[in-house]
Amino acid sequence: MSAVKLDGKATAAKIKADLTTRVAALKERGITPGLGTVLVGDDPGSQIYVAGKHRDCAEVGIASIRVDLPETATQAEVEAVIDELNASPECTGYIVQLPLPKQLDTMALLERMDPAKDADGLHPINLGRLVHMVDAPLPCTPNGIVLLLQEYGVPIKGAEVAVVGRGITVGRSLGLLLTRRSENATVTLCHTGTQDLAGHVRRADIVVAAAGVPELIKRDMVKPGAAVLDVGVSRVNGKIAGDVALDVEEVAGFLTPNPGGVGPMTRALLLSNVVEAAERLQQSASVS
Ligand SMILES: Nc1nc(=O)c2c([nH]1)NC[C@@H]1CN(c3ccc(C(=O)N[C@@H](CCC(=O)O)C(=O)O)cc3)C=[N+]21
């Protein structure tokens, strides 16, 4: 047996085509969506991701504003950039690339952002709204994972889902998303303190591997026919190493390629958050 490919690249292209139309409509009404990125330091991986985000923006007609700070940047320096982006009418949404260098207080910086411009959906107010199950910009990777499953008709309602990894950007947020009434999945959130990882993964209809440990999910841990999503972006000898072993392909019913799976979806949903923020701006401008 071989798994159906959950093609994130193709699904992201469809999302971007829709966004291109909406961006054109916004521009006709005098609003140009603009994404800001704040990158601190010179981690090569982060440089690649940020460059990719600006390319994506150009592709759908979103303006972009790139702010790069040195590895040694102080809290006050990053705060000044955040204040500027909060105030800038050209910037309708922005992200602070994570992780930040150790000297910086990530939580204080996230809290300083205007939640209405939070393109990552990681501002504590917006994550709080997700906990409360009310409308808010959603974290991009979890949102992309749900849309990819829906695109391929993988049932979410009632499914047993093993999420491996409890990071804010993926695991923890995805648990919140999948357990909303509209998704109604049953989620087991596994982490480094989990006693029997293989046991939890084996019961799952959907496995999301977001631990950042190469080949953590092995073939004999996967229930035949399960949908497996690989969020791993570790680099081994310069090549992307996912959290899922390659031969999982032989037992899974659905599998994301990596690259070409979850990554492109994350990027498309970032653009979607920027467009939605601009559309809300346009709506509030037209009623007042
Ligand atoms: N505030 C913040 N928001 C983020 O969304 C965020 C972040 N910080 N820090 C780092 C992670 C990582 N991340 C990726 C996004 C796209 C790909 C992606 O598109 N990858 C391509 C391959 C690209 C390559 O070859 O390197 C693919 O999967 O096909 C990968 C990784 C977003 N992150």
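Q: Which residues line the largest cavity?

A: A general idea to begin with: rolling a probe the size of a water molecule over the atoms shows where empty space is left. Keep in mind that this model is predicted. Here, the largest cavity is lined by E160, V161, A162, T188, H200, R203 and A204. About 40 Å³ of space lies in that cavity. Strand β5 (residues 160–164) gives the most to the lining, with three residues. By class, the lining of the largest cavity divides into three nonpolar, two polar and two charged residues.

Q: How many cavities of 30 Å³ or more does the count come to?

A: Two. The second largest cavity has a volume of about 40 Å³. P115, A116, K117, D118, A119, P137, N273, A277 and R280 line the second largest cavity, and by class that makes five nonpolar, one polar and three charged residues.

Q: Now for pockets. What volume does the second largest pocket have?

A: A pocket is an open set of points, whereas the probe in a cavity cannot get out. The second largest pocket comes to about 350 Å³. Of its 15 lining residues, I240, A241, G242, V244 and L246 are the closest to the centre. Sort the lining of the second largest pocket by class and you get nine nonpolar, three polar and three charged residues.

Q: On to the ligand. Which residues come nearest to it?

A: Start with the residues around the ligand, then look for polar atom pairs. Of the 16 residues around the ligand, V96, L98, D120, R235 and G260 come nearest. For V96, a polar backbone atom is 2.8 Å from a nitrogen atom of the ligand. L98 also uses its backbone, with an N or O atom 2.7 Å from a ligand nitrogen. With D120 a polar side-chain atom is involved, 2.6 Å from a nitrogen atom of the ligand. As for cover, the protein takes up 80% of the 670 Å² of accessible area that the ligand has on its own.

Q: Which elements give two or more residues to the shell around the ligand?

A: Those are α2 (44–60) and α9 (262–287). The largest share, four residues, comes from α9. By class, the shell has eight nonpolar, four polar and four charged residues.

Q: Why does the ligand lie between domain 1 and domain 2?

A: Check which domains contribute to the shell. Domain 1 (31–114) and domain 2 (140–263) both give residues to the shell around the ligand, so the ligand lies between them.

Technical notes:
Residues are numbered from 1 along each chain as its sequence is written. This is a predicted model: local features need pLDDT of at least 70, side-chain atom pairs count only at pLDDT 80 or more; totals for chains, interfaces and linings use all residues. Side-chain values use heavy atoms; hydrogens and water are left out. On a 1 Å grid over the protein atoms alone, a cavity is a set of points where a 1.4 Å probe fits but cannot get out, and a pocket is an open set with protein on both sides within 12 Å along at least five of seven lines; lining residues have an atom within 4 Å of a point. Grid points are joined across faces, edges and corners, and a volume is the space filled by probe spheres set on the points. Ala, Val, Leu, Ile, Met, Phe, Trp, Tyr, Cys and Pro count as nonpolar, Asp, Glu, Lys and Arg as charged, and the others, Gly among them, as polar. A residue is near a molecule or strand if one of its heavy atoms lies within 4 Å of it. A polar contact is a pair of N or O atoms within 3.5 Å; within protein, one must be able to donate a hydrogen and the other to accept it, and residues adjacent in sequence count only if both atoms are side-chain atoms. Accessible areas come from the Shrake-Rupley method with a 1.4 Å probe; for residues, only the protein chains shown count as cover. Domain bounds come from an automatic or database domain assignment.
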